[in-house]
Amino acid sequence: IFPIPTHLKNILQLDENKSNKEEVAGKIVCSCGCKKFHIYHNINREYDQSIPYSEQDGLKVLIKCPECENSYILFDEATQGYNGFVCHDCKTANDENLEILKCESCGAHSFKIDVDIEAEDYEQFIEECVEEFPEDFSPEDYIDAFNWIVISLTCDKCDEMIILPSIRFCNEN
């Protein structure tokens, strides 16, 4: 079984050659079959030192299909990954505060998306979360407490590849 996070189960086209029980990789594909998306994000957000981190907006990446206009949350630091799913480290950013990503090379704003995700260690999740907080977590939840996600974007117009360091989410715990 591949540890595909719940929010990506219907849109991740798994690359089985690059996936195993610890890591999944693949392409994002809309339910309509489209493989390009507009990317909305708050990558350039700035933290306010006068406000606790838990009250700051977390990184959010929302994608929208230009063909059928379906939208999906690709990543929300406040609710996904170990720090969001387990620790609830920050708050979810409002969609109204997200900006559209444009290719720095050609100015286009449609991208193909590849993701690479490392799952949380199953036994460690059971010990730290399920056994300590059985009312909050079940064994299957480990797939949503992933350690990191790398989102690689390829411009649909000029094939410029973008890997934004801010999109890499790491569990430092």
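This is a predicted model: local features need pLDDT of at least 70, side-chain atom pairs count only at pLDDT 80 or more; totals for chains, interfaces and linings use all residues.
1. Let's start with the aromatic rings. A pair of such rings is described by the distance of the centres and the angle of the planes. Searching the whole structure turns up five aromatic pairs.

2. One of them is formed by Phe75 and Phe146, whose rings sit 6.2 Å apart, centre to centre, with 55° between the planes, which makes the pair tilted. Phe75 belongs to strand β5 (residues 71-76), while Phe146 is in the loop between α2 (122-130) and β8 (148-155), so this pair ties together parts that are 71 residues apart in sequence. If you look for the two side chains, note that Phe75 and Phe146 are both buried.

3. Another place to look is the cluster of Phe85, Phe125 and Phe137, which are linked by ring pairs.

4. Now over to Ser110, which you will find in the loop between β6 (99-100) and β7 (111-118). Is Ser110 buried or exposed? Its relative accessibility is 15%, and buried means under 20%, so Ser110 counts as buried.

5. What does Ser110 touch, leaving aside its neighbours within four places in sequence? Its contacts are Lys36, Phe37, His38, Pro66, Thr154, Cys155 and Asp156. With His38 there is also a polar contact between the side chains, at 3.2 Å.

Technical notes
Residues are numbered from 1 along each chain as its sequence is written. Side-chain values use heavy atoms; hydrogens and water are left out. Rings of Phe, Tyr and Trp (its six-membered ring) pair if their centres lie within 6.5 Å; planes under 30 degrees apart count as stacked, over 60 as edge-to-face and the rest as tilted. Helices (H or I, at least four residues) and strands (E, at least two) are DSSP runs, numbered from the N terminus. Buried means under 20% relative accessible area, exposed over 50%, partly exposed in between (1.4 Å probe, protein chains only). Contact means heavy atoms within 4.5 Å. A polar contact is a pair of N or O atoms within 3.5 Å; within protein, one must be able to donate a hydrogen and the other to accept it, and residues adjacent in sequence count only if both atoms are side-chain atoms.
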